[in-house]
Amino acid sequence: MLPSIGVGVIVLGFALRFNPLLVVVCAAMASGLAAGLGPLEVLAAFGKAFNQNRYVSIAWLILPAIGVLERSGLQERARMAIKSLKAATAGRILVVYLLLRQLTAAMGLISIAGHAQTVRPLVAPMAEAAAENQGALDDATRDEVKAMSAGTDNVGVFFGEDVFMAIGSILLIVGFLDQNGLVVEPLHLSVWAIPTAICAFLVHGARLLLFDRKLSRRGAKS
């Protein structure tokens, strides 16, 4: 029964409102030590369990780090940097982000950016700051800028990832076609995904520039 001391640590830690991650780690350490394991053995067990059961996306693992950066003023710094660039507009910033998102996704780096990692802490605040340079923003317009920022990320990764032939979507298509008697190489699918990615960039890029014009017209009226 002694290894179950970890349950008591969790109950006590949550009752005292300590950091949940710290409480869970301390509970696991207490149970391990009570079971006769050394500190290094407990850490080794942590590492082995994580390596064998990667159910948690890396995006969720970096959320605490992003939270610390935001608390330290990440969004404010991003806004200040864009405010100093008079030529920056919301549409131009999002076009650049769209290009970067597509290029990185085409190389298989789909987790290098995303809503949690970049859109909320960086891209959306930068687009908002650029939109403020074009005129005063009401709450509805701010929501439009945020939505367009999130949509730009979706378009970039969705149409960029298929260029990388080892991505799950390409392998799924290859497997489905193979089951139905059609043999297609993953490289061929990736090559034919390039024109689609280019068209997606042109279409959504045009939408972003038109959005820019709409923001400028609203700013001129206000």
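A crossing of two helices is right-handed if the near helix is turned clockwise from the far one by less than a right angle. By that rule, α7 and α9 cross in a right-handed sense. The model is predicted. Its protein chain holds 11 helices and zero strands. Buried residues account for 31% of its 222 residues. Of the contacts between residues at least 6 apart in sequence, 70% join residues at least 24 apart.

**α7 against α9**
- Helix α7 covers residues 90-106, and helix α9 covers residues 139-160.
- Their axes come within 8 Å and cross at roughly 30 degrees.
- Angles under 35 degrees count as roughly parallel, and α7 and α9 are therefore roughly parallel to each other.
- On the α7 side, the contact is made by Leu94, Tyr97, Leu98, Arg101, Gln102, Ala105 and Ala106.
- On the α9 side, the contact residues include Met148, Ser149, Thr152, Asp153, Val155 and Gly156.

**α8 against α9**
- The axes of α8 and α9 lie 9 Å apart, at an angle of about 135 degrees.
- This pair is therefore oblique.
- The crossing of α8 past α9 is right-handed.
- From α8, the contact residues include His115, Thr118, Val119, Val123, Ala124 and Ala127.
- From α9, Arg142, Val145, Lys146, Ser149, Ala150, Asp153 and Asn154 take part.

**Asp153 in α9**
- Asp153 is found in helix α9.
- Buried means under 20% relative accessible area, so Asp153, at 3% relative accessibility, counts as buried.
- Leaving out residues up to four places away in sequence, Asp153 touches Tyr97, Arg101, Ala113, Gly114, His115, Thr118 and Val119.
- Asp153 is part of the α9 contact with α7, and also of the α9 contact with α8.

**The bend in α8**
- Helix α8 spans residues 115-133 and has 19 residues.
- Its end C-alpha atoms are only 24 Å apart, short of the 27 Å that a straight helix would reach at 1.5 Å a residue.
- α8 bends by about 35 degrees at Val123.
- Val123 and Pro125 are both among the buried residues of α8.
- Other buried residues of α8 include Gln117, Thr118, Glu128 and Ala131.
- Val123 is also one of the α8 residues in contact with α9.
- After α8 comes Gly135, whose phi is positive, near 150 degrees.

Terms used: Residues are numbered from 1 along each chain as its sequence is written. This is a predicted model: local features need pLDDT of at least 70, side-chain atom pairs count only at pLDDT 80 or more; totals for chains, interfaces and linings use all residues. Side-chain values use heavy atoms; hydrogens and water are left out. Helices (H or I, at least four residues) and strands (E, at least two) are DSSP runs, numbered from the N terminus. The expected span of a helix is 1.5 Å times one less than its number of residues. The bend at a residue is the angle between axes fitted to the seven residues ending there and the seven starting there. Buried means under 20% relative accessible area, exposed over 50%, partly exposed in between (1.4 Å probe, protein chains only). Axes are lines fitted to C-alpha atoms, for helices over the stretch in contact, and angles run from 0 to 180 degrees between N-to-C directions. Angles under 35 degrees count as roughly parallel, over 145 as roughly antiparallel, 65 to 115 as roughly perpendicular and the rest as oblique. Contact means heavy atoms within 4.5 Å.
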